[in-house]
Amino acid sequence: SENKANAFYTHFNKKFALTGEIDYERNGNHFYGFNEEDTVIDKNEIKQVFNAIGAKISIASYDTDTGEINYKGALGYTHYFDKYAAKENNVILDLSVTKMMNKEIYGVDFGVDFNNYSSEIINPLNPVVVPLPGPNSVETVNNTIIKVIPNITTSGDKWYARVGLGIFADVNDKTSFHFYPNAEAKYSFHDIFVPYIGINGGLERNSFRSLTTENSFLLSQVNLQNTNTRYNIYAGIRGSISNKISFNAQVSRKSVYGNALFFTDTLYSIQNKMNVLYDSMDVTEINAQLMYDQSEKLRVYVNGKYSFFSPLNQDYVWYTPALDITVGGVYDLANKILVRADLFFLGNRKAKSLAFVDGAELNKDNTYSIDLKPVI
C-alpha cells in the first residue's frame, strides 16, 4: 500500500513568493519469499511499514530588472521511521543566487544536507560464540554534505555555455573534500539540430529513506555510504525530425564510487529480506529518446538505455539490467482527464546470493550469482 498527503500555502509578493508545506507518507509491504511448508510465521511478523513526516518552507524571487539579484531557497525537515525501530532525521537547506552582468549570468548554489540515522543492533540467526550486543542496543550514524557550486552562464542567438565548479564536503567521523567540473555547451542549427557536450559530477546521499524507497525489502539495519560520481562526461544531439517528431540521443561515460547494490540477506533473515553493499565502477551509457507530439491531445514516447558496466570488486552490477526500455503515452480527454500508459522492459540481470541455489554460478568471492530473466 502507498499513501500520501500534502498541504501547502503560498503567499505572493510583487518580487517574491513564500511557500510553506507539510507532507505525510505511509507505505507498507510484507517480507514474502520463504517456504511456508517449513516456516511458520504470523503475517504480522513479516509486515513492514514506513512513515515519513515532513515540512518545508521556501522562498523565490522573480525580479526582472537587469542587474538585480534573484534568489531561491528552501529549508526542509523529514522524520522517517519503520516498524522495526529504525528512524532517520533529515534536514536540507538549499540556496541559489543569480545576478546578470552584461550578457553573463553569475550564480552560486549552496546547500547543507544533514542526516541522522539510528537502528537497533540485531543478532545473526546463527551467531558465532562471541559477545553480542543486547537486544536494545542502538547504533547512530550522523553525516553532513555541504556543497558550493559557483557558475557562469553566457549565451548568444544560437549558442549557450555554462562553466562552474562543484565543491563538496563530506562530514562524517572525518571530513573529506571533493571537487567536480561543471560545464555544458550547445549550439543550435536552425532550431532543428542542437548538439551538446558537458561534464559534471557530485556527491549523492544514500539515506535509509532513499534506499528503502528503491527497495522496500531491506533490513532495518543498513550501512549508509554516499555515492561519489567523480565525473560524468556526456555528448549528444537533440532536435526535430518534423513539427510532431522530436528526438534526443546521448552517450556518456562516468566514474562512480560507492554505487549502492542490493543482495539477498541470509545472516539476519530467512532469505526474505535484503541488504546493501557498495562498489566502485565505470559506466558507459547510450541513451535514445523519440517523441511523437500531436498538438496537446496525444503524446507518445520511447526511451531506451544500454549500459556497459565495469565494477571494481563485484562480479556484476547486481539487479541492474544492461538494457532498459520504456514505451509510454499520454492522451487528453476533452481537456479534463489525462490517460497515461507505460510499458517497461528490463533486460537480463544478475542476482547475488550468499547461499547456493539451483543453477547458481560461483563468484570470485565465494558467493553465488543467479541469472534473472527479462521482465515486462
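Val-91 sits in strand S5; strands here are DSSP E runs of at least two residues, helices are H or I runs of at least four, and both are numbered from the N terminus. Val-91 is partly exposed, at 30% relative accessibility. The cut-offs: buried is under 20% relative accessible area, exposed is over 50%, partly exposed is in between, with a 1.4 Å probe and protein chains only.

A word on the source. This is a predicted model, where local features need pLDDT of at least 70, side-chain atom pairs count only at pLDDT 80 or more, and totals for chains, interfaces and linings use all residues. Residues are numbered from 1 along each chain as its sequence is written, and side-chain values use heavy atoms, leaving out hydrogens and water.

Now the core. A nonpolar core is a set of buried Ala, Val, Leu, Ile, Met, Phe, Trp, Tyr and Cys residues joined through side-chain atoms within 4.5 Å. The largest one has 15 residues. Tyr-117, Phe-208 and Val-222 are among those touching the most other members. Strands S3, S12 and S13 and helix H1 each give two or more residues. S13 gives the most, three.

What does Tyr-117 touch? Leaving out residues up to four places away in sequence, its contacts include Phe-208, Val-222, Glu-88 and Lys-87. Contact means heavy atoms within 4.5 Å.

There is also a second, separate core of eight residues, including Val-256 and Trp-318.

Last, Thr-229, in strand S11. Buried or exposed? Thr-229 is buried, at 18% relative accessible area. Among its contacts are Tyr-180, Lys-254 and Val-256.
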